[in-house]
Amino acid sequence: MRSRLQKRSKKAGLLPGSLIHIGETYTDKSRINLIHYNADDFGAKEVSSLADLPAGKDPQEIIWLNIDGLQDTKLLEEIGNHFALHPLVLEDVLNTDQRPKMEDYGDYLYIVLRNFNSQGSGDLISEQVSIILGKNFVLSFREKESSLFATIEERLRSSKGRIRKSGADYLAHAIIDNIVDNYFSVLENLEEKMEALEDALVNRIPPSTIKEIHNLKRELIVLRKSLWPLREAISSLERSDSSLISEDNSIYFKDIFDHVIAIIDSVETFRDMLSGLLDIYLSSVSNRLNEVMKVLAIIATIFMPLTFLAGLYGMNFKFMPELSWRWGYFGVLGIMLVIALFMIYYFKKKKWF
Amino acid sequence: MRSRLQKRSKKAGLLPGSLIHIGETYTDKSRINLIHYNADDFGAKEVSSLADLPAGKDPQEIIWLNIDGLQDTKLLEEIGNHFALHPLVLEDVLNTDQRPKMEDYGDYLYIVLRNFNSQGSGDLISEQVSIILGKNFVLSFREKESSLFATIEERLRSSKGRIRKSGADYLAHAIIDNIVDNYFSVLENLEEKMEALEDALVNRIPPSTIKEIHNLKRELIVLRKSLWPLREAISSLERSDSSLISEDNSIYFKDIFDHVIAIIDSVETFRDMLSGLLDIYLSSVSNRLNEVMKVLAIIATIFMPLTFLAGLYGMNFKFMPELSWRWGYFGVLGIMLVIALFMIYYFKKKKWF
Amino acid sequence: MRSRLQKRSKKAGLLPGSLIHIGETYTDKSRINLIHYNADDFGAKEVSSLADLPAGKDPQEIIWLNIDGLQDTKLLEEIGNHFALHPLVLEDVLNTDQRPKMEDYGDYLYIVLRNFNSQGSGDLISEQVSIILGKNFVLSFREKESSLFATIEERLRSSKGRIRKSGADYLAHAIIDNIVDNYFSVLENLEEKMEALEDALVNRIPPSTIKEIHNLKRELIVLRKSLWPLREAISSLERSDSSLISEDNSIYFKDIFDHVIAIIDSVETFRDMLSGLLDIYLSSVSNRLNEVMKVLAIIATIFMPLTFLAGLYGMNFKFMPELSWRWGYFGVLGIMLVIALFMIYYFKKKKWF
Amino acid sequence: MRSRLQKRSKKAGLLPGSLIHIGETYTDKSRINLIHYNADDFGAKEVSSLADLPAGKDPQEIIWLNIDGLQDTKLLEEIGNHFALHPLVLEDVLNTDQRPKMEDYGDYLYIVLRNFNSQGSGDLISEQVSIILGKNFVLSFREKESSLFATIEERLRSSKGRIRKSGADYLAHAIIDNIVDNYFSVLENLEEKMEALEDALVNRIPPSTIKEIHNLKRELIVLRKSLWPLREAISSLERSDSSLISEDNSIYFKDIFDHVIAIIDSVETFRDMLSGLLDIYLSSVSNRLNEVMKVLAIIATIFMPLTFLAGLYGMNFKFMPELSWRWGYFGVLGIMLVIALFMIYYFKKKKWF
Amino acid sequence: MRSRLQKRSKKAGLLPGSLIHIGETYTDKSRINLIHYNADDFGAKEVSSLADLPAGKDPQEIIWLNIDGLQDTKLLEEIGNHFALHPLVLEDVLNTDQRPKMEDYGDYLYIVLRNFNSQGSGDLISEQVSIILGKNFVLSFREKESSLFATIEERLRSSKGRIRKSGADYLAHAIIDNIVDNYFSVLENLEEKMEALEDALVNRIPPSTIKEIHNLKRELIVLRKSLWPLREAISSLERSDSSLISEDNSIYFKDIFDHVIAIIDSVETFRDMLSGLLDIYLSSVSNRLNEVMKVLAIIATIFMPLTFLAGLYGMNFKFMPELSWRWGYFGVLGIMLVIALFMIYYFKKKKWF
């Protein structure tokens, strides 16, 4: 997170709309992937410049241009000119700490999302995905290459389902749906960590627990920061009266909205349960202290009177009648035993052990 | 909960609308129960395929089709085709971690609910119940067979009350009312557990208390997660201007809405009281520690000076005049007694015991 | 509270609108009190059946029928038929765990309230009061007889104020005002308990404090659970465009609304102050532990070195030159005194006592 | 606060609109101050009855009637009749625990405010100020005499600013502005107390700290209880479409509204900071306990092994070879020194001191 | 903060609209900077009075007047008269503890902002910046000179971007954008402090940690107090239907709004993470106490029985058979060793170390 804010603050004082890439650079070169299809045809190729775009004589043909890697601001400007995008849209595409949002620019919709990953036991990784939905085209921008869009390309290629027949808005929906479904696996991962933590708390309370709880809390905070604006963005997509989204397809955005709500519900539930775990942890620490103190108190309470008695008869007074009694020693031993037994009985009654 | 999220995430990348059963499979085979009735007639039978549906010449006849077990996706598709349901509705029926909701598809309303059970001292069990209310039919889908609908069938059979005369919307209302009333027994069960816990806290504070409080809290969180969307769903049912719900019957949905509000109130109250129990528990632990430390401090404070005195006269100096005094020993014993009594008096005054 | 939920859950599966009394039965028999008045006349009698109702030829005459005790469901049905009440209204009258609410049934308004009492140092007692306001009549239902309505009857009898001239809505207002004013005395009682608790905390911290705080918190929760819906109910009464409430009198309902808001304010303030008391209590417990530990630490720190020194010269080595020194013993005593004084000085400087 | 609720509850059962003074009585007799002015003239005198009111032939003349002391209910009734006030308004004037509010009665606006004072180091004192703004008159009611209105009278007398030319609404604005500005000095006082507390916490943690924090919290709660409704009242004054407030002057009420918002902001900030102080206090108590326990543990850990060694060689066994060694005693002393030094080194390494 | 409230309360009782500078005075003399430009020309000079303002014959020319230092109330009045500003606007300009806000006065918009700085490791410093946007002019008021506007002046001079061609509203936007971007560097600074704190918590828990957490919390509170009204102000700027803001440029204010939302998100996230740090700190303190107590308990539990045994055989009874046994001494030593080893084994098993 640090790097983001730092880079952002470096922009202070610049003109709004100046194209500067804010965020990590993951790739050497931006890669452009061009897919064009209609109900009958399908073509996909990697292109190196916008000159390779189809002439666009077929009004039914839908073009999907995916750009991986955002460091090539020249290319972005070119795309902006070609599709007549507002400079602020390009600025937002390059600025990779956007909150998820949906903006209606009339001729096209601009949607920003955050795609989360939590590979293996690792930490939460996220990247910004920008989607521009126009009349017959979809532009998507990612920070780096990933397999995120492979299934969609495959579906387009094999013409599974209604996707080839359903227009650019359905394609945009498929992309967003894909990203939102990724949240479920992130939640699963979090849930597993929480359950492991809860199991651990039952047996032992290692001092690192609090750090782990803190880390989980942190991941939830990061997720949450992205989810609430996402909800808003999807909701405004669904309710948008833009002609770019057909009425038929708007129900699919409603479906994504339901998913986002369910994810938010789970995150809120996890937060509640995490605070419960913290309570368990803190009270375990207290119980542990209690247990330690009890052992100390029992030992001290039993041995202090005995040691005192032993000390008493270790005094060197000339005249101490008990010292010369025949059974004095064993008498004292007996008294000590009685005291010890009484103490133990007393603690048992008080349920100290 | 784990299984749900896991199965859900497996769907990532699939087409929306693909029929895949997400959730536990409880039965070998889906069972279809067909009830058809009007003011005069009533028939109920178990059918094996939709071919057994009545021809539907009687426009007054109401058909209630109940399906138990959701693994038979073929059957679901068949039903979907027969009643002209949207693919997303079927997807939601099969996906058993839906939030409660109500959706108006024009020709029919789709309602998802969660039915809770807490048998005996056991944990909270829940299943998803989907209801589709059409012009003259009600479809209900459950994850497994249960006695949940037995009373309604019985009422229909014996024509008790207005149920046979009141249309499909009243039947839907009766089903929902049944499910919502189940929440009350779940609340009762929770209340009993909380009272048992509170009684236990008065006498003893076993270290397991915190776990029990955590479990109760968890159950409340699960309930709550289901209740708020339920409230919304019932509210939109009540306010719906769908022609499927007659004005006369909408007051009955208002009644269910009141019940849901009352249940939510109770759950919120329970949460407050549970946090109160946690406070009691934590302060009991503190008090207990205080008590232990006091015993330790009293014992140590009384015996340390005495032991020191005994040690003092156990020194082997050649010249220690007291040692040869006639009443030295008894004098020291007397001084020790005075010290001990003073200490006890001091602690009494400080109200340490 | 337990009894309520239990009885309620027994209703699960029954038809909505079935008349079953849910709640405690306080009286042997329902008592019906009939008051009828206009600007000039006044009559009050106990009747045994609805046959005794006046024929109602005088259109100006207002009838107030008060029923104490709800176990006589037959009577309720009779009243329902006579005044043409909806079955759900009767069901709500009988179901004594309603949330406060106001419902407009066109020909009459149905209002449910909760009347609180806290007699002496006792616990909070509450009963449900249902009010039905019609064109020329007011029906009121209570769970048991009480003196709640005596002052209103007295006012009607002696024709104090505008009450005899102001219609059924003003009578309903007077009844509600009476109930809401009762909340103030309940608040007073709570305030006295809180102040007693706060005074107690200044001097002593008995372990029962936490229980008392918990009990107060509980009473506040119960009050609160009733107040928020009450606020809503009164607000909808005030804003109601029902012709049953004249414009002139609606300002009086506004007045009650202001009272309810003030009561809610106080309850919220009490909650804040109670959490402050809990903080004081918990920090007192901590301080107390600190104090105990300090005494222990001071005693131990002073006597441990002294006891060690005494033990040192109690050793039986053959060759210990100090033992045979003339002033060895007194020298050691002096050293011990110096050590003790230094320790005391050290603790004084550290402000340990 | 106690007195208020108690007196209020005594009103239970009375007719709404009955004039009874609820609150403390501060003065022997109500004092009436009459000020009348227009752009050219100004007159001020103390009157004893309403008969002294000017005949009111000059339609430009504005009358300001200020009443100090509310026990004279007769006088109030007289004023009510003269200015045609609603009985509920008079009741609210007399009932001195009103929440701040603004009510539009068509011919006049009724505004209730709470004026706070915190003289010296003393507690928060508050009084209710009622303002009635009519066409050409302003009535103000205070619980007791104070210098609150002196500056306004002075301004009117000397015709400073636009006040003499600007109508009754501007006068009402000046009065309210005066009261709201008083909140700033109360906040200042609170801020000073908080800073003193924070400074104190840096050095010492006297056990009274928690009480002081509690008291400050309490004062904030009292302030807050008054501020939120005040905000509402001023806001409805500002947005009021009453003809009594000219459009020109409404901007001045907007100004007061901004002040109230700023005050609320500060109070909320203070609450946050106070909870921070509580955290500091509680963690200081914990740290202090830690420190005490460390001293105890260090002393005990050093001297227990030494005392054991001394005890060992104090045993009276016949055959203990070490006792007769020539350097036995000094050897043991050396071993003791080594143990002590090692312990000190160990604690240093563990950073215990 | 103290100085602000104090100065503000001194204003109590004065007329609204009286020009008094509330806040620190940083400069000897107010400095006036005049910039005037159109698409072709640009001029900048420091002027000493308003007489130096250009005659304004060119309707396209935009004037930007920046005033640094607010103590010269005469000058302010002069400016107010020249640009026909409302007295309350001037009062707000001088009163430097305004909440951020935007007010539409028809002929001009009045915007107040707070500019934050956190130089080096230092504390948060803030100053109020007032902006008045009129038809062809922008007035800006700062408490003291700073480099804040240098980049904008430079941009105007060198005619970078669209700024010279875009009207006064674009200039106002550039100023506000500059200030909002400053928040990012403040956030960065806070983030660094938090990370340093978190790193520190992993290794050591110095008692000053709680103070640092408190200070960070305080800075967040101060930031937050400014951010929420800022959000409101920018939002009303963006949605304003004032003709002063062209439709083209309103999208730039939307952009600033997005930045503010992102800043608020970060601040809220920081608050959550800070409370997590507090949890870590407090639990570290508890763990530390536990550790100390364990060491104490282990030492005491091992040595108390041993010391008792040693004391036992130090008793001076005449008849103690063990004392004369040949191997008595070594037997006791052996028993002591066994006890010590058993204790150590017991603690190991209990995982105490």
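Reply: Gladly, bearing in mind that this is a predicted model: B:D279 forms a salt bridge with C:K217, and their closest N and O atoms are 3.8 Å apart.

Me: How many salt bridges are there across the interface of chain C and chain B?

Reply: Six are found across that interface, and between chain C and chain B there are also eleven residue pairs in polar contact, both residues being at pLDDT 80 or more.

Me: And which element gives the most to the side of chain C that touches chain B?

Reply: That is α7(C), with 20 residues; the elements giving two or more residues to this side also include α6 (209-239) and α9 (328-349) of chain C. By class, the side of chain C that touches chain B has 35 nonpolar, ten polar and 19 charged residues.

Me: What area is buried between the two, chain C and chain B?

Reply: About 5900 Å², with carbon and sulfur atoms giving 65% of it, and the contact takes 64 residues from chain C and 70 residues from chain B.

Me: Do the copies meet through the same or different surfaces?

Reply: Through different surfaces, because only 17% of the interface residues of chain C are also interface residues in chain B.

Technical notes:
Residues numbered from 1 in each chain as written. Chains lettered and ligands numbered in written order. Predicted model: local features only at pLDDT ≥ 70, side-chain atom pairs only at ≥ 80, totals over all residues. Heavy atoms only, no water. Contact = heavy atoms within 4.5 Å. Buried area = accessible area lost by both parts, 1.4 Å probe. Salt bridge = Lys/Arg side-chain N within 4 Å of Asp/Glu carboxyl O. Polar contact = N/O pair within 3.5 Å; in protein donor to acceptor, adjacent residues only side chain to side chain. Helix = DSSP H or I, 4+ residues; strand = E, 2+ residues; numbered from the N terminus. Nonpolar A, V, L, I, M, F, W, Y, C, P; charged D, E, K, R; others polar.
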